[in-house]
Amino acid sequence: MPHRWCSSASVRRNQIESGLDITFCEVFMPIFRNKIMAIKPARVLEIGCGTGHLSKELSKNGIDITAIEPSKGMFEVASEVLSGTNVRLLNCASFDLENTSTFDLAFSHLVAHVVDDISAFFTSIAVHLDNGSYFLFSIPHPCFYNDYKKFFGDEYHYMKSLMKNVSFSITKDPETVISDVPYHHRSISIYVNELVSAGFNIVGFDETFPDKHIQEKYGAAWESPRYCIFICKKALTRR
């Protein structure tokens with residue numbers, strides 16, 4: 001049965017808490033936890049927290065976390081997931097967050113590629129970061145993801161920006177289809193240039209490729225990185 005992204009929060013919660021979502025539970029959760037804990041921020045902002053599980057994991061380390069989520073359905077599930085934690089949860093987007101709030105680190109997981117105006121998105125995050133603060137975000141790898149998912153047909157060209165509402169399922173729950181999700185293909189150069197324009201320096205870039213023992217859980221080896229993570233730092237002076 002198809003599920004729209006805005007109404008699939010309970011589905012995503014079950015997939016994560018049951019461990020069916022290998023990519024989230026065994027790839028991204030440890031990556032974000034390890035990278036953020038190595039930076040040792042005091043005040044963290046998660047942009048588009050979805051079900052809230054990443055913020056919940058980080059909250060175990062005593063970090064002051066604010067998580068924002070614009071989808072009403074996701075927000076309601078995240079409220080349950082984050083109940084009893086020290087996470088401050090807000091039902092808003094980065095564009096709507098009060099300007100008085102600043103953070104040492106912001107992160108987003110698989111959000112930037114669904115945003116229509118990537119320039120405005122990066123700028124809306126930069127205004128909430130102190131100079132020298134970090135911004136980490138993951139996206140489907142622009143070089144390889146279409147080879148994996150086949151979202152675009154003959155119209156696909158790596159250097160051509162494309163947008164499509166897509167449907168997908170996860171490897172261990174193929175019958176549950178989440179549909180009508182916006183997906184923007186952009187070249188890496190667009191992400192880099194828009195980050196620089198928003199006042200960020202790129203200090204790291206990771207191509208996500210799990211260890212062999214994790215890949216075996218999918219039932220087939222990955223042929224190429226499916227995702228990537230940008231590690232950015234707000235410049236001390238705006239370019």
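**View 1. Ala67, a buried residue of strand β3.** At 0% relative accessibility, Ala67 counts as buried, a term that means under 20% relative accessible area with a 1.4 Å probe and protein chains only. This residue lies in strand β3, residues 64-68, where strands are DSSP runs of E with at least two residues and helices are runs of H or I with at least four, numbered from the N terminus. This is a predicted model, in which local features need pLDDT of at least 70 and side-chain atom pairs count only at pLDDT 80 or more, while totals for chains, interfaces and linings use all residues. Residues are numbered from 1 along each chain as its sequence is written, and side-chain values use heavy atoms, with hydrogens and water left out. Leaving aside neighbours within four places in sequence, Ala67 is in contact (heavy atoms within 4.5 Å) with Glu46, Cys49, Ser55, Val87, Arg88, Leu89 and Leu90.

**View 2. The buried face of helix α1.** In helix α1, the buried residues are Ala9, Val11, Arg12, Gln15 and Ile16. Seen down the axis of α1, these residues fall within an arc of 160°, so they line one face of the helix; the arc is that of the directions from the helix axis to the C-beta atoms. After α1 comes Gly19, whose phi is positive, near 85°.

**View 3. Helix α1 against helix α4.** The axes of α1 (residues 9-17) and α4 (residues 72-81) come within 8 Å and cross at roughly 40°, the axes being lines fitted to C-alpha atoms over the stretch in contact and the angles running from 0 to 180 degrees between N-to-C directions. That makes α1 oblique to α4, since angles under 35 degrees count as roughly parallel, over 145 as roughly antiparallel, 65 to 115 as roughly perpendicular and the rest as oblique. From α1, the contact is made by Ala9, Ser10, Arg12, Arg13 and Glu17, and from α4 by Gly73, Met74, Val77, Glu80 and Val81.

**View 4. Helix α5 against helix α7.** Helix α5 (residues 118-126) and helix α7 (residues 188-197) pack at an angle of about 40°, with their axes 9 Å apart, and α5 is therefore oblique to α7. Ile118, Ser119 and Phe122 of α5 make the contact with Tyr191, Glu194 and Leu195 of α7.

Note on methods. Buried < 20%, exposed > 50% of the residue type's maximum accessible area, 1.4 Å probe, protein only.
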